[in-house]
Amino acid sequence: MAPPAIRSRFVLLALFGVALFTFLILGGHRSIDGQPSPIQQANSNKQGGGSSGALLTGHAIAPKLGNATAKAELGRAAWKVLHTTFARFPEKPSEEEKEALRSYVHLFQRLYPCGECAEHFGKVLAKYPPQVSSRSAAAMWGCMVHNIVNKRLKKPQFNCENIGDAYDCGCGDDEKKEKDAAPA
Ligand SMILES: Cc1cc2nc3c(=O)[nH]c(=O)nc-3n(C[C@H](O)[C@H](O)[C@H](O)COP(=O)(O)OP(=O)(O)OC[C@H]3O[C@@H](n4cnc5c(N)ncnc54)[C@H](O)[C@@H]3O)c2cc1C
Ligand SMILES: *[C@@H]1O[C@H](CO)[C@@H](O)[C@H](O)[C@H]1NC(C)=O
């Protein structure tokens, strides 16, 4: 056992270490002027439902899209982007990658260029928040919410068992490995 004086000095040092660590962690998310950073606002608004300042879940931003042809073209392209994004999301994402996908889906909804579509889809997201724990969870979730939209538009349901094959774009699975094998 160390003498009491040395022990209490050690305790002080440990406390100082914890304080410094906490300051660095919290400080890192603050901007210089002391205002909360966008990330902080996004985080504090995550559960915020419809409150007016909510970055991820606020009102739909685009106006109504009257042209039905344009609306359908946009929809096909948008679903393709979403399903392909989920199909290429990591099977074992980091916490930061999960947060990125969650924010992406919410902002995709808020900024979707068909305002009335965005408004409907916002209600779907409120009821079924994005699943971001893995590629397969995200892909299955994407298929499910697309089916909810299909149902409302009286379109056929898609069989989500096939979701893995349907959006295998043949893009090449692992860029990093390819780069290692054949430098560009
Ligand atoms: C977020 C969002 C909200 C929308 N809201 C509206 C709206 O409110 N009103 C409106 O008129 N239009 C809306 N649309 C557009 C609409 O969903 C369709 O994209 C559009 O009507 C064209 O339909 P489609 O029959 O060509 O097939 P799409 O629904 O565009 O699907 C394209 C292809 O994806 C495949 N697919 C179908 N279902 C699934 C599934 N569940 N999972 C995976 N793949 C599937 C099929 O191969 C299909 O041909 C929305 C689109 C998006 C992305
Ligand atoms: C509706 O959108 C389609 C596809 O973008 C376009 O070709 C067409 O000209 C538009 N119609 C009108 C009336 O603007």
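The questions below cover helix packing and the ligand shell.

This is a predicted model, in which local features need pLDDT of at least 70, side-chain atom pairs count only at pLDDT 80 or more, and totals for chains, interfaces and linings use all residues. Residues are numbered from 1 along each chain as its sequence is written, while chains are lettered from A and ligands numbered from 1 in the order in which they are written.

Q: How are H3 and H6 oriented relative to each other?
A: The axes (lines fitted to C-alpha atoms over the stretch in contact, with angles from 0 to 180 degrees between N-to-C directions) come within 8 Å and cross at roughly 155 degrees. Angles over 145 degrees count as roughly antiparallel. Therefore H3 is, relative to H6, roughly antiparallel.

Q: Which residues of H6 meet H3?
A: Contact requires C-beta atoms, placed from the backbone, within 7 Å. On the H3 side are Trp-79, Leu-82, His-83, Phe-86 and Ala-87. Their partners in H6 are Arg-135, Ala-138, Ala-139, Gly-142 and His-146.

Q: Which helix gives the most to the shell around ligand 1?
A: Helices are DSSP runs (H or I, at least four residues) numbered from the N terminus. H3 (68-87), H5, H6 (135-152) and H7 (163-166) each supply at least two residues of this shell. The top contributor, with 7 residues, is H3.

Q: Which residues come nearest to ligand 1?
A: A residue is near the ligand if its C-beta atom, placed from the backbone, lies within 6 Å of it. There are 22 residues around ligand 1, and those that come nearest are Gly-75, Ala-78, Cys-117, His-146 and Phe-158.

Conventions. Angles under 35 degrees count as roughly parallel, over 145 as roughly antiparallel, 65 to 115 as roughly perpendicular and the rest as oblique. Two residues are in contact if their C-beta atoms, placed from the backbone, lie within 7 Å.
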